Amino acid sequence: MNGTFESRRGFFITFEGGEGTGKTSQINILKTKLKALNVPVIATREPGGTPGAEAVRHVLLSGKAESLGAEAEAILFAAARSDHIEQVIRPALSEGAIVLCDRFIDSTRVYQGVTGKVDIELLKKLESVVCDGAFPDLTLILDIPPEEGMIRAGARRKSSETADRFERENLEVQRKRRDAFRKLAENEPDRCVLIDASGSENEVSDRIWSIVEPRLQQSEII
Ligand code: TYD
């Protein structure tokens with residue numbers, strides 16, 4: 001945490017959703033579009049984004065922390081996020097960049113909070129300590145039926161890879177997460193926009209651009 005947040009000039013966009021919703025591809029497409037407009041942009045991901053946070057990512061996704069319980073996992077996600085914010089996100093925003101982040105606080109709210117049943121008050125406290133003002137300006141929630149998402153996530157994996165700790169969970173859990181993400185979009189309509197992530201990559205990226213472009217124009221970034 002530091003006191004430089006007041007000097008922030010950039011724009012912070014997070015991408016959220018269940019497994020296999022196509023966030024990573026859409027972040028790459030948006031990054032290319034913004035670069036073509038000569039706007040400074042970085043793409044990053046959670047858990048991860050710094051060497052320390054990537055190490056924590058490995059512990060979390062391998063399932064090695066699973067036996068510690070969902071609360072401890074939430075604390076580890078928060079520790080990784082803290083490093084990521086201080087080393088990458090906050091400096092980029094204060095230099096005026098657009099930051100595109102693959103998952104952020106809403107994944108914790110949904111995965112650890114709703115399906116992990118971690119006390120929401122603990123999550124709120126972690127969020128306020130860790131984010132300290134570095135809160136997304138816009139959150140795009142990519143939405144598809146979990147059946148489709150699981151097929152996409154499976155197809156994406158190389159034959160040598162196995163599903164990670166969270167991908168392994170069953171369809172019912174994935175459905176609960178989808179509902180929770182949709183509820184988030186309903187509850188925070190100024191920040192969160194639900195994006196229909198079905199259809200071709202181009203169709204989805206057009207939907208995303210129709211939301212992002214006016215917001216960036218409004219903030220006089222493009
Ligand atoms: P990743 O391979 O990046 O998944 P995806 O491509 O679906 O985004 O793995 C990240 C996993 O970590 C994903 O299953 C969601 C989970 N996660 C949480 O449970 N809590 C969090 O706060 C974050 C950031 C991710």
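T50 lies in the loop between strand 2 (41-45) and helix 2 (51-61). The model is predicted. Is T50 buried or exposed? Its relative accessibility is 6%, so T50 counts as buried, since buried means under 20%. The side chain of T50 reaches the backbone nitrogen of A53 at 3.0 Å. Beyond its neighbours within four places in sequence, T50 touches D83, H84, Q87 and V88.

Next come two helix pairs. Two packed helices are described by the angle between their axes and the distance between the axes.

| Helix pair | Angle between axes | Distance between axes |
|---|---|---|
| Helix 3 (residues 70-94) and helix 4 (residues 105-115) | roughly 175° | within 11 Å |
| Helix 6 (residues 146-156) and helix 7 (residues 171-187) | about 115° | 9 Å |

Take helix 3 and helix 4. Their axes cross at roughly 175°. Helix 3 and helix 4 are therefore roughly antiparallel to each other, as angles over 145 degrees count as roughly antiparallel. Which residues of helix 3 meet helix 4? They are A70, A74, F77 and R81. From helix 4, the partners are I105, T108 and Q112. By class, this contact has four nonpolar, two polar and one charged residues.

Now helix 6 and helix 7. They pack at an angle of about 115°. Helix 6 and helix 7 are therefore roughly perpendicular to each other. Helix 6 passes helix 7 in a right-handed crossing.

Conventions. Residues are numbered from 1 along each chain as its sequence is written. This is a predicted model: local features need pLDDT of at least 70, side-chain atom pairs count only at pLDDT 80 or more; totals for chains, interfaces and linings use all residues. Side-chain values use heavy atoms; hydrogens and water are left out. Axes are lines fitted to C-alpha atoms, for helices over the stretch in contact, and angles run from 0 to 180 degrees between N-to-C directions. Helices (H or I, at least four residues) and strands (E, at least two) are DSSP runs, numbered from the N terminus. Angles under 35 degrees count as roughly parallel, over 145 as roughly antiparallel, 65 to 115 as roughly perpendicular and the rest as oblique. A crossing is left-handed if the near helix is turned anticlockwise from the far one by less than a right angle, and right-handed if clockwise. Buried means under 20% relative accessible area, exposed over 50%, partly exposed in between (1.4 Å probe, protein chains only). A polar contact is a pair of N or O atoms within 3.5 Å; within protein, one must be able to donate a hydrogen and the other to accept it, and residues adjacent in sequence count only if both atoms are side-chain atoms. Contact means heavy atoms within 4.5 Å. Ala, Val, Leu, Ile, Met, Phe, Trp, Tyr, Cys and Pro count as nonpolar, Asp, Glu, Lys and Arg as charged, and the others, Gly among them, as polar.
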